[in-house]
Each structure stands twice: as C-alpha cells, then as structure tokens.
Amino acid sequence: MSLLSIRNLRTEFSGPAGIVRAVDGVSLDVAPGEIFGIVGESGCGKSATCRSILRLFGGAPARVAGGQILLDGVGDLAAMPERALAQVRGREVAFIFQDPLTALNPTMRIGRQIAEVILRHRKVSRAEARQAALGLLRDVHVTSPERRLDAYPHELSGGLRQRVVIAMALALRPRLIIADEPTTALDVTVQDQILRLLRERCDSTGTAIILITHDLGVVSQVCDRMAVMYAGRIVETGAVREVLDHPSHPYTRALLAALPGQASRGRDLVPIEGSPPGLIAPPPGCRFAPRCRLAREDCGSGPAPGLLPRPGTAPGHLDACILSEVPDVAS
Amino acid sequence: MFQVILKRLVMLIPVLIGITLLGFLLLQVMPGDPASRAMGTRASPEELAAMRKLWGLDQPLWLQYLYFLRDCLTGSFGVSIFHKMPVIGLVAERLPFTLAIVAYSTLIALAVALPFAILAALRRGTVVDGAIRHVFVALIAMPPFWLCYVLILWLALGLGWFPTGGVGQGVGENLSRLFLPSLVVGLSTAALIQQSLRAALIDTLKADYVDTARAKGLSGAQVFLRHVLPNSLISTISIIGVRVSWIIGGTVVVEKIFSVPGLGSLLIDAIVSRDLPVIRGLTVFFAIMVVIVNLVTDICYALADPRVRLE
C-alpha cells in the first residue's frame with residue numbers, strides 16, 4: 001500500500017508567453033517510511049511536482065490542472081478545497097524548503113515559529129508548545145536549545161537554521177516530508193550532517209521523505225527509490241541502486257556520464273549537448289529526442305512515451321524510452 | 001541602546017551649529033527692516049533707531065549671532081519682536097496644533113492606505129490594482145492648496161459636515177475642526193504609504209517563509225496577519241518618519257488656509273512681519289525636531305526588525 005500515490009499529475013504556470021506545462025503527466029508512488037528521490041536539471045518540474053502536493057507555489061500563478069494526488073487515509077489532495085488542505089499541511093505532510101536562510105520569518109523568534117505549527121494542530125497551551133519546541137530542537141541536535149528558542153533566525157548559522165526547519169517539519173510526526181533541495185544552500189560538510197539527520201529522524205519516526213535534488217550523490221547516499229525527471233515528465237524510476245548502476249534511459253545515462261566523478265574513474269566527461277525544451281510548446285514524442293544521440297526518426301513524433309518495464313531489469317524499474325536496446329553512449 | 005541614543009544626541013551639536021549659522025546668515029540677506037515693520041510706516045527715524053537699539057539690531061553681525069546662540073542655549077530661542085515674548089513660548093502655544101495634525105493625519109493616512117495597499121497587493125495586476133494606483137497617483141499629483149479649497153467647498157460649505165477651519169476648545173471640537181487639514185496632509189501621506197506598502201507586500205508574499213507558514217497549515221488570514229503584514233510594515237516606518245518631520249515644518253499652506261495656529265502659520269507670519277528672532281528660532285527648532293524624529297524612526301526600526309542594529 002502506498003502512502004502517497006500521484007497519478008497523471010499536470011501542473012501549469014501561466015506566464016507572459018503562455019501556459020507553461022511544468023508538470024505534464026507525472027505518476028509516482030511513495031511507500032511509508034521510504035526516502036524517494038527526484039532528480040533532474042533546473043526547470044525539469046521536480047520542484048513543481050512537489051509543490052503541487054501541498055499546493056504551495058510561492059505566490060506564483062500556478063495551478064494543478066489535472067491528475068490525482070492520493071494520500072493514504074486522507075483522499076485526493078488535488079481535489080481538496082484550500083481549507084481542508086490546510087489541515088493536512090504540517091500535520092500529515094510537511095515541507096522543507098531549499099534555503100534555510102529565507103525559509104524562516106526574520107522577525108519572529110525561533111521558538112515561536114516552531115510552536116506555531118504545534119498550536120495550529122494540537123490543543124495545547126503556549127507553554128506546552130514551547131516545551132515541545134525545546135524537545136524538537138534537542139531531537140535535531142541543536143546545541144544549547146534553551147538559548148536558541150529566543151534567538152532570531154539571523155543569529156543562527158545556515159546549518160542550524162536548516163535544523164530548525166527540520167524540527168518544524170518533524171513537529172507533528174507527519175507521515176510524509178517533502179524536502180526541496182534541503183542541502184543545496186549549505187556547505188558540503190554541513191550537507192552531510194543534515195542528510196544524516198533527516199535519515200536518522202525519519203527512520204526513528206517512520207516518516208517517508210520525498211527528496212528533491214539535482215545531486216545524484218545525495219540520492220545514492222540517502223534514497224531508497226528514485227525518479228529521474230526531464231521536461232516535466234518522469235523518464236526513469238526504480239530502486240536507487242538499479243537506476244544508478246543499470247540506467248536504461250538515454251537521459252539517465254547521459255546525466256551519469258556528465259558527472260564530474262566519471263573523470264576520476266578514468267572515463268571521459270560527456271556533456272549533454274543542447275538545452276531542455278521550452279514547456280509552453282514541448283516537442284512531440286520523446287522530449288529528450290532532440291538532444292538524444294540515439295534518437296530514431298519515430299522518437300520525435302506521436303504522444304510522449306510512458307513508463308514501461310524493460311525485459312531483464314529488476315521489478316519496479318521502469319523507463320520511458322521506446323528503443324528496445326539502449327546501447328551505453330558513454331562507452 | 002541608551003549609549004547609541006546619547007551618541008546620536010551628541011552628534012546633534014555640530015548639526016545645530018551649522019543650522020544656526022546658516023539660518024542667521026540667510027536672514028541677513030533677506031530684504032526688509034524688522035524695526036519699521038514692527039513700528040509701522042509713521043514711526044520717526046528716532047523711534048526706529050531706538051527700536052533697533054532695543055532689539056540689538058544696531059550691533060555688529062558677529063555679536064548678534066553670539067546673542068542668538070546665547071538665546072538658543074538658554075532655551076528661549078530669542079524674543080519675538082512682534083509678539084514681545086520668548087520664541088519658545090510661541091512654539092509651546094502652537095506646537096500642540098501642529099502635533100495634532102501630525103498624529104491625526106498619520107492615522108488617517110494609515111486608515112486609508114492599509115486596506116488599499118492590501119487589496120492592491122492581493123489583486124496585483126488586475127483592474128482593481130490599476131484603479132487603486134490611478135487614484136493614489138492622482139492624490140500625489142493634486143496640489144494641497146487646491147485640495148484644501150475643494151474639500152472646503154464640498155465637505156464644509158456644501159455638505160456642512162465640517163467647519164471651514166480654525167481651532168476650538170476641547171478634544172471633540174478639535175477632532176472635527178482639524179479633520180479637513182489633517183485629511184489633506186494625510187491623503188498625500190496615504191499615497192506614499194500605499195505605494196510602498198503594496199510593493200513590500202508583493203515582495204513578502206513571494207518570500208519563502210510565507211510558504212513555510214502556509215506549509216504549517218495556517219489559514220490564509222493567519223499567514224497574512226502574522227507573517228506577511230508585520231514584515232511588510234517595516235518599510236512603512238521610514239516613510240512615516242520622513243513624513244512626520246516634513247509635516248512639522250511643512251504644513252504652512254494647509255495651516256494658513258484652514259486658519260490653524262500651528263508652527264507653519266507662525267513661521268509665515270514671522271516672515272511677513274520680518275520677525276527675525278522667530279524665524280531663526282523656528283529654524284533651529286525644526287532642525288532639532290527633524291533630528292529627533294529621525295532618531296525615533298531608527299529606534300522604531302530597530303525594535304521592529306531584529307536584524308537591524310542601531311549604529
């Protein structure tokens with residue numbers, strides 16, 4: 001049984017040049033307690049997919065235009081009125097934003113910001129909420145938490161602030177946390193601590209995570225399963241080891257071949273030529289076809305191919321390439 | 001905090017020396033003889049000379065300046081030629097009316113600007129936003145003296161809702177009498193606040209921490225009142241500060257038209273009657289007020305935004 005089941009999600013942004021189909025037919029499942037990674041280049045729709053779940057678009061003119069977002073025991077979040085969705089936010093599903101420097105209110109003390117989410121969903125006194133906030137800061141290993149409760153965000157380092165954001169997300173033990181590039185804005189050493197912390201806290205509370213990142217290293221470090229997105233669609237998904245060790249979609253392979261780590265393994269670094277297509281009028285057929293070295297004529301026509309299992313690969317490993325054989329381009 | 005305030009007040013001293021010197025010298029350039037103004041055209045030369053001697057106008061310039069400095073330091077700011085009383089006494093008589101206009105007009109400005117700034121920000125880019133912007137730009141463009149007469153003709157003489165001006169006894173009557181002058185001053189303040197607050201609100205609505213607040217499950221109103229509005233209002237503090245120091249000395253036209261005996265009309269009368277000590281004294285007094293209002297603005301800013309430290 002999935003905790004979260006997204007079916008054929010379509011999310012549109014209305015821009016000055018027309019409607020941008022940022023997410024165009026995405027389906028994915030997240031099991032309870034697992035960490036699901038979504039990778040892709042900037043603008044591939046990974047962030048828009050996740051923001052669609054709680055309908056948090058940062059004031060951008062976006063809307064979920066179709067599909068279902070089924071949360072186990074709650075229902076279709078996409079069809080829910082705003083008021084009902086607000087009950088889900090923070091309690092069932094929490095969100096961790098990319099930049100801890102801007103994700104906290106600069107004029108409100110840390111303790112109050114954490115207590116706010118507790119007071120919203122639980123019938124507790126302010127003092128009790130404050131005590132709970134203190135416990136949460138301890139849980140995320142913040143040093144001298146009593147002192148931090150009355151600190152303002154700017155008085156904390158980036159890593160500490162992200163711990164506060166995580167404490168806030170964990171406050172009500174949600175079943176799912178959506179983390180949108182939670183370590184991108186942090187130093188490499190701090191990144192590692194934060195990822196371990198996320199993994200540790202979620203293992204102990206049984207919380208599932210959707211982790212959005214452009215860093216395949218992060219995915220291989222903490223995720224159980226993953227999806228690779230390109231131009232608003234998922235092109236490959238499966239267990240992390242399967243996808244990274246036996247990538248079957250040309251885009252995933254190209255992405256792996258373009259990793260700087262390849263050079264140290266004695267392989268040439270192969271950049272992906274060209275740039276992703278615009279999403280106002282995406283190309284027909286496979287959206288990667290114009291940049292794909294293996295593209296045949298029929299790749300660039302018809303509807304965009306869907307995710308299918310490939311003979312010989314592990315169960316649950318799907319990709320959206322119509323070629324029956326995908327030779328390794330990097331070799 | 002206390003030390004910073006003290007330091008700022010000490011920094012006031014060189015500013016004031018500059019202001020007194022400038023105010024003093026500029027007035028020497030101004031044509032017209034205070035003595036003949038005070039005595040009238042029929043005064044004999046002997047009477048005029050006696051008058052000049054009495055007011056120290058026959059003394060060398062540097063000595064007159066030193067007398068003026070002495071008057072400033074003793075707190076009298078000089079003695080009015082026309083009113084025959086210390087300038088500070090005149091200021092004390094007039095200041096309450098000016099301060100009343102400051103407070104009243106700021107309240108009116110906030111009452112007008114807040115709802116329209118919020119409405120415009122929430123409906124940005126729509127017809128509503130456009131209409132609000134046009135109305136407020138028109139408010140900025142309207143000359144105050146013209147607006148004064150329009151309001152007098154319409155609300156005072158036409159509908160009879162308000163008196164045409166003057167001041168009365170008691171708070172209730174003055175609230176009614178000072179409404180129109182405060183409205184004129186307040187509307188242009190409102191236009192400034194509305195424009196800046198709208199921009200600040202639109203910026204804040206896009207901020208990540210607003211999404212964080214929404215992600216906590218707070219309702220739209222809670223997110224707005226606890227996170228969006230307080231952070232957006234910070235920029236309004238400095239606008240109010242600038243306006244307040246402007247209003248204290250700058251409501252000359254409005255006070256004159258509505259016959260409000262405030263500092264502005266005192267200054268105009270003093271200029272007309274060449275009452276040099278009053279002009280000089282007011283100049284210094286306005287300078288002190290501007291510095292104090294700026295200091296208070298900075299303190300408010302530091303209290304509202306924990307990231308800001310008083311330097």
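I take the domain bounds used here from an automatic or database domain assignment. The model I am reading is predicted.

**Entry 1. Domains of chain A**

Domain 1 covers 4-223 and domain 2 covers 229-319. I then checked the spacing of the two. Their C-alpha centres lie 27 Å apart.

**Entry 2. Where the two domains touch**

How many residues of domain 1 of chain A are in contact with domain 2 of chain A? I find 23, and they meet 14 residues of domain 2. I went through the domain 1 side by element. β2 (18-30), β3 (35-39) and α8 (216-222) of chain A each supply at least two residues there. β2(A) has the largest share, ten residues. I also sorted this side of domain 1 by class: twelve residues are nonpolar, seven are polar and four are charged.

**Entry 3. The UniProt record**

I looked for an annotation on chain A. The unreviewed UniProt entry lists "domain: ABC transporter" for residues 4-256. I checked the make-up of that stretch. Residues 4-256 of chain A are 39% helix and 28% strand. The C-alpha atoms at the ends of the stretch are 28 Å apart.

**Entry 4. The largest nonpolar core**

I turned to the nonpolar cores. The largest has 164 residues. Which residues have the most contacts inside it? They are A:Ile114, A:Ala167, A:Ile209, A:Ile210 and A:Val228. I note the general background: in soluble globular proteins, nonpolar side chains tend to be buried together.

**Entry 5. Around A:Ile114**

I set aside its neighbours within four places in sequence. A:Ile114 is then in contact with A:Ala133, A:Leu136, A:Val164, A:Ala167, A:Met168 and A:Ala171. One of these partners, A:Ala167, is also among the residues with the most contacts inside the core.

**Entry 6. Chain A against chain B**

Last, I looked up the contact between the chains. Chain A puts in 25 residues and chain B puts in 19. On the chain A side, α2 (82-88), β6 (93-96) and α3 (110-121) give two or more residues each. Which of the elements gives the most to this side? α3(A) does, with four residues. By class, I count eleven nonpolar, nine polar and five charged residues on the side of chain A that touches chain B.

Terms used
Residues are numbered from 1 along each chain as its sequence is written. Chains are lettered from A and ligands numbered from 1 in the order in which they are written. This is a predicted model: local features need pLDDT of at least 70, side-chain atom pairs count only at pLDDT 80 or more; totals for chains, interfaces and linings use all residues. UniProt positions are given in the numbering used here, feature names are shortened, and annotations may be inferred rather than shown by experiment. Two residues are in contact if their C-beta atoms, placed from the backbone, lie within 7 Å. Ala, Val, Leu, Ile, Met, Phe, Trp, Tyr, Cys and Pro count as nonpolar, Asp, Glu, Lys and Arg as charged, and the others, Gly among them, as polar. A nonpolar core is a set of buried Ala, Val, Leu, Ile, Met, Phe, Trp, Tyr and Cys residues joined through C-beta atoms within 7 Å. A residue is buried if 20 or more other C-beta atoms lie within 10 Å of its own, exposed if 12 or fewer, and partly exposed in between; C-beta atoms are placed from the backbone.
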